[in-house]
Amino acid sequence: MTEPIVRVADLHKTYVSEKGDHIALAGVSFDVAAGEVVAIVGPSGSGKTTTLRAIAGLLEPSSGRVEVGGRPVAGEPPQEVGFVFQDYSRSLLPWLSVLGNVTLPLRSKGVPAAQARASAREALDAVGLAGRERAHPRELSGGMQQRVAIARAIAYEPELLLMDEPFASVDAQTRMDLEDLVLPLRDRFGVTIVFVTHDVDEAVYLSDRIVVLSAPPSVVSRIVDVPLPLPREQHRTKEDPLFARLRGEVLDLVRTPALQKGA
Ligand code: ADP
Ligand code: MG
């Protein structure tokens, strides 16, 4: 087997505060292979964001190991990782154009201007925003702004794209449109994708595998394979009896505390 691109091994995180210690993660372990799309689901407060931030190098684990590309993640975000947050309205710089927002991180990594613009245009094309390069964020809908955030994250072609509830703040129709960007991004850029969602349908629809976290103190209650055929399509895929079975399996795990530990 080839080396996994992400290795999370016995990850523990205890948040220490004046109100007392909170054990968020109590030994979370899973691997992600290159080119996979993996969803992390679990009840609210189960440490999904904590896990993703640890992979991104944005958070110091209490113990355990996180490796990206075979190297331990130590204190700073690895170069090869792109990150998309839930709240698009706070993630873009309002005084920069769409193109400016997407080229900025490339320029700050030392990519020459012409090359940065070419990469940004390619990324904007991949998220359906070709022709909107000169717009400013406030002129765009929420869904469009999140497309810009995704373009910014993939423009330097990271090996790994991490997204925390990326589609939770948009309406249902827009959400489907944004969901349908994800797998083509994997195909076009060869990027590995790990994303957090509280929407079990979304997890099943988009993933190769689903990591289900238990209630805190959290462990992995199960890793569910999703062998639904590709390409996925909103109606056809969701009418597949296998979709219904997987959805039921994951929902039971997320909702039934008794099933969560050691299942
Ligand atoms: P999820 O994304 O699954 O909803 P989080 O990873 O955000 O869960 O949080 C897991 C638990 O850790 C929650 O109970 C949350 O309140 C707590 N938590 C998260 N961040 C902090 C922090 N900086 N300080 C203290 N507690 C935190
Ligand atoms: Mg969260």
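These legends describe close-up views of a predicted model. Local features need pLDDT of at least 70, side-chain atom pairs count only at pLDDT 80 or more, and totals for chains, interfaces and linings use all residues. Residues are numbered from 1 along each chain as its sequence is written, chains are lettered from A and ligands numbered from 1 in the order in which they are written, and side-chain values use heavy atoms, without hydrogens and water.

**View 1. The shell around ligand 1.** The residues around the ligand are Tyr 15, His 22, Ala 24, Pro 43, Ser 44, Gly 45, Ser 46, Gly 47, Lys 48, Thr 49 and Thr 50. A residue belongs here if one of its heavy atoms lies within 4 Å of the ligand. By class, the shell has 3 nonpolar, 7 polar and 1 charged residues. Ala, Val, Leu, Ile, Met, Phe, Trp, Tyr, Cys and Pro count as nonpolar, Asp, Glu, Lys and Arg as charged, and the others, Gly among them, as polar.

**View 2. Backbone contacts to ligand 1.** An oxygen atom of ligand 1 is 2.8 Å from a polar backbone atom of Lys 48. For Gly 47, a backbone N or O atom lies 3.0 Å from a ligand oxygen. For Ser 46, the corresponding distance is 3.2 Å. A polar contact is a pair of N or O atoms within 3.5 Å. On its own, ligand 1 has 560 Å² of accessible area, and the protein covers 59% of this. Accessible areas come from the Shrake-Rupley method with a 1.4 Å probe. The most come from α1, with 3 residues. Helices (H or I, at least four residues) and strands (E, at least two) are DSSP runs, numbered from the N terminus.

**View 3. Helices α3 and α4.** The axes of α3 (residues 98–108) and α4 (residues 113–126) come within 9 Å and cross at roughly 125 degrees. That makes α3 oblique to α4. Angles under 35 degrees count as roughly parallel, over 145 as roughly antiparallel, 65 to 115 as roughly perpendicular and the rest as oblique. Axes are lines fitted to C-alpha atoms, for helices over the stretch in contact, and angles run from 0 to 180 degrees between N-to-C directions.

**View 4. Helices α5 and α6.** The axes of α5 (residues 142–154) and α6 (residues 172–189) come within 11 Å and cross at roughly 15 degrees. The two helices α5 and α6 are therefore roughly parallel.

View 5. A cis peptide bond joins Pro 216 and Pro 217, with omega about -5 degrees. Pro 217 sits in the loop between β9 (209–213) and β10 (220–225). From Leu 230 to Pro 231 the peptide bond is also cis, with omega near -10 degrees. Pro 231 is in the loop between β10 and α8 (234–239). Glu 157 is not a glycine, yet has a positive phi of about 50 degrees. Glu 157 lies in the loop between α5 and β7 (160–164).

Conventions
Polar contact = N/O pair within 3.5 Å; in protein donor to acceptor, adjacent residues only side chain to side chain.
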